[in-house]
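Work through the exercises below with the sequence and the model in view. Each task is followed by a solution in steps.

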Amino acid sequence: MVKVDALQVHLKSLSSGGAMLPLYVFSGDEPLLMMEAMDQLRIAAKKLGFTEREVMLQERGFDWSALMSAGQTMSLFGDKRWVELRIPTGKPGRDGADALKQFAAQIESQVSAADGPDTVVCIVLPRLDSKTKTSAWFSALDDVGMAIQIDSLDRSHLPRWIASRLRLQNQEVEGGPEGQRALEFIADQVEGNLIAAHQEILKLGLLYPTGVLTEEQIRSSILKVARYNVFELTEAMLAGDLPRLNRMLDGLKGEGEPLVLILWSVTEELRLLSKLKVASDAGESVQQLIRVNRIWGNKERLYPAALRRVQPLKLRRAMQVAAGLDRQVKGLSAPELPADPWDGLRLVGNLLR
């Protein structure tokens with residue numbers, strides 16, 4: 001499985017006379033980045049004559065033989081074909097897994113002409129867990145085609161991403177701290193919602209001429225369209241980023257996210273952090289602890305810093321607060337805590353700074 005950088009290299013080879021592969025597999029959970037990567041490949045395919053397009057959606061009762069036929073049937077009009085199969089759940093089931101393995105074997109047995117295949121199949125999946133990535137059906141597809149993982153954009157990279165998007169429309173922020181503050185402001189307003197972020201950036205292109213945008217212009221134009229999830233909330237907690245944590249709590253509360261779910265997630269993170277804190281203070285390797293406890297993604301980077309930063313007494317106090325909040329949301333008394341449990345979560349975040 002490759003990252004999007006490898007796709008860019010492949011696209012350059014196509015523009016230099018290279019041939020399309022018979023199979024591409026895209027996986028990811030960020031709609032804008034998925035759409036843009038696939039659009040780049042579709043445009044390249046169209047330039048190479050893949051003008052006939054067919055889209056299939058795998059849902060209950062899906063006829064998997066249609067996929068096998070798509071790879072064999074010639075176009076009625078002699079054009080090259082682009083076939084898309086969308087598997088929204090990423091779980092094809094037993095029949096689907098068998099069909100995908102057969103499909104991979106079918107591709108492997110076919111001999112492509114010097115200018116590449118007549119039919120290109122593109123399979124679209126959501127972000128895959130490690131178990132699915134090592135499954136027989138996915139490995140078979142990965143072996144005969146190009147499987148591209150589209151990663152979500154980390155919050156820390158968002159200001160740079162916004163600056164690069166502005167440059168595409170010949171705009172930029174002011175130099176120095178004012179410009180950085182403006183980029184951070186935009187990032188705070190659009191975090192977790194890249195499609196809306198893209199629209200807000202395009203709006204700046206419509207409202208203002210090319211050149212430098214002032215902080216005042218940006219603040220008066222950008223709408224708050226951020227969306228948060230519980231997973232990112234615990235990342236902010238581990239990072240000790242209290243302002244971001246508070247923004248997320250405000251957003252999740254406003255969106256009506258269940259407090260019970262959020263509290264459960266925060267409590268589980270505190271338990272794991274406490275367990276690792278005890279082990280690391282006893283001399284165990286932090287990297288080994290991270291591997292054993294299957295901590296991955298951004299948290300792989302955040303845990304070592306949190307273990308160095310958070311004091312044992314404050315961590316214990318945070319767990320006591322979480323236990324009190326659990327009593328509170330169940331309707332029991334917790335007089336030592338703020339009346340609003342959402343404020344109690346802010347207290348937990350403050351203890352982990």
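## Exercise 1: a loop residue

Asparagine 293 is found in the loop that runs between helix H14 (286-292) and helix H15 (298-309); helices (H or I, at least four residues) are DSSP runs numbered from the N terminus. The model is predicted, so local features need pLDDT of at least 70 and side-chain atom pairs pLDDT 80 or more, while totals for chains, interfaces and linings use all residues. Residues are numbered from 1 along each chain as its sequence is written, and side-chain values use heavy atoms, without hydrogens and water.

Task: state whether asparagine 293 is buried or exposed, and find its partners.

Solution. Step 1: the relative accessible area of asparagine 293 is 19%. Buried means under 20%, exposed over 50% and partly exposed in between (1.4 Å probe, protein chains only), so asparagine 293 is buried.

Step 2: neighbours within four places in sequence aside, asparagine 293 has contacts (heavy atoms within 4.5 Å) with Leu272, Lys275 and Leu276.

Step 3: look for polar contacts, which are pairs of N or O atoms within 3.5 Å; within protein, one must be able to donate a hydrogen and the other to accept it, and residues adjacent in sequence count only if both atoms are side-chain atoms. The side chain of asparagine 293 meets that of lysine 275 at 2.9 Å, and the backbone oxygen of leucine 289 at 2.7 Å.

## Exercise 2: a charge and a ring

Task: which residue lies over the face of phenylalanine 231?

Solution. The test asks for NZ of Lys or CZ of Arg within 6 Å of the ring centre and within 35 degrees of the ring normal. Lysine 299 is the residue, at 4.2 Å from the ring centre.

Methods. Helices (H or I, at least four residues) and strands (E, at least two) are DSSP runs, numbered from the N terminus.
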